[in-house]
Amino acid sequence: MSRSRTPRRPDVTTVELVGGVEALELELHDYDERWAGRYLDHRRRIRDALAAADIEIEHIGSTAVPGLAAKPIIDIVVTVADITAEEDYLDALLTAGYELRVREPGHRLVRTPARDVHVHLYERGDPAVDEYRLLRDHLRSDAADRAVYERTKRALLSTPWNDMNDYADAKTDVILAIKERARARRRQ
């Protein structure tokens, strides 16, 4: 959405977790060069589904960082013109085989039924997208922080997690510290 437009309707004000909390088993895999190809396959699938929409698509998350161990889940961010205009993107993605998992203010998440691809949808210009890029790009270029992040993930996996969101929340302090170092590097 350009800053001069207003959304078609007010955004949601609560978090809807479609299907509720899910039991899961998290497992870290060594970096797999096939992850980039899987991203490209889904990029094409998303682009085809949303051919009429003005979107941007990027590979984010740990699977987008060569050399970093990760959960074998491809994370993709898609920016749309208006997050409130779900009719412009959501039905097409559901028809393309994705399932709605999260609807929350400013963000929608669809995923594959196998749960191995997560597509995060944000409105163009949302600062969250820049935060994803900041972390990804820094981890791609900084071996020391990449190692810190991997050690943190491995340590957290020694704890059982009832929900992926709880695991993600447990990484927050380390991620914030890494992003602060990334910002400091940018200022140099």
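# Briefing: salt bridges, cores and overall fold

D130 is partly exposed, at 42% relative accessibility (buried means under 20% relative accessible area, exposed over 50%, partly exposed in between; 1.4 Å probe, protein chains only). The model is predicted, so local features need pLDDT of at least 70 and side-chain atom pairs count only at pLDDT 80 or more, while totals for chains, interfaces and linings use all residues. Residues are numbered from 1 along each chain as its sequence is written, and side-chain values use heavy atoms, with hydrogens and water left out.

**Salt bridges**

- D130 forms a salt bridge with R133, at 2.8 Å from N to O (a salt bridge is a side-chain nitrogen of Lys or Arg within 4 Å of a carboxyl oxygen of Asp or Glu).
- Both residues belong to helix 3 (residues 127–141), where they are three residues apart, so about one helical turn separates D130 from R133. Helices (H or I, at least four residues) and strands (E, at least two) are DSSP runs, numbered from the N terminus.
- R133 has 21% relative accessibility and counts as partly exposed.
- A network of salt bridges links D130 and R133 with E56, E58, R136, D137 and R140.
- The structure holds 24 salt bridges.
- R8 and E87 form one of them, with the closest N and O atoms 2.7 Å apart. R8 lies in the segment before strand 1 (16–17) and E87 in the loop between strand 3 and helix 2, so this pair ties together parts that are 79 residues apart in sequence.
- R8 is partly exposed at 44% relative accessibility. E87 is also partly exposed, with a relative accessible area of 41%.
- E180 pairs with R187 in a salt bridge, the closest N and O atoms being 3.2 Å apart. E180 is partly exposed at 39% relative accessibility, whereas R187 counts as exposed at 59%.

**Nonpolar cores**

- The largest nonpolar core has 21 residues, and I46, V78 and L121 touch the most other members. A nonpolar core is a set of buried Ala, Val, Leu, Ile, Met, Phe, Trp, Tyr and Cys residues joined through side-chain atoms within 4.5 Å.
- At least two residues of this core come from each of helix 1 (34–49), strand 3 (74–80), helix 2 (90–95) and strand 6 (117–123).
- Strand 3 gives the most, with four residues.
- V78 contacts I46, L50, I55, E56, I57, V119, H120, L121 and Y122, leaving aside its neighbours within four places in sequence (contact means heavy atoms within 4.5 Å).
- In soluble globular proteins, nonpolar side chains tend to be buried together.

**Aromatic rings**

- The whole structure contains two aromatic pairs. Rings of Phe, Tyr and Trp (its six-membered ring) pair if their centres lie within 6.5 Å; planes under 30 degrees apart count as stacked, over 60 as edge-to-face and the rest as tilted.
- Y31 and W35 form an edge-to-face pair, at 5.4 Å centre to centre and 85° between the planes.
- Y31 is partly exposed, with a relative accessible area of 25%, whereas W35 is buried at 3% relative accessibility.
- The charged end of R45 sits over the ring of Y98, 4.4 Å from its centre. Here a charge sits over a ring if NZ of Lys or CZ of Arg is within 6 Å of the ring centre and within 35 degrees of the ring normal.

**Backbone**

- R115 has a positive phi, near 65°, and is a residue other than glycine.
- R115 is in the loop between strand 5 (107–111) and strand 6, and counts as partly exposed at 36% relative accessibility.

**Overall fold**

- The protein chain has six helices and six strands. From the N terminus on, the elements run β-α-β-β-α-β-β-β-α-α-α-α.
- The radius of gyration of the protein chain is 17 Å, close to the 16 Å that the globule rule gives for 188 residues, so the chain is as compact as a globular protein of that length. The radius is taken over C-alpha atoms, and the globule rule is 2.2 Å times the number of residues to the power 0.38.
- Along the principal axes, the C-alpha atoms fill a box of roughly 45 × 40 × 35 Å.
- Of the 188 residues, 43% count as buried.
- Among contacts between residues at least 6 apart in sequence, 68% join residues at least 24 apart.
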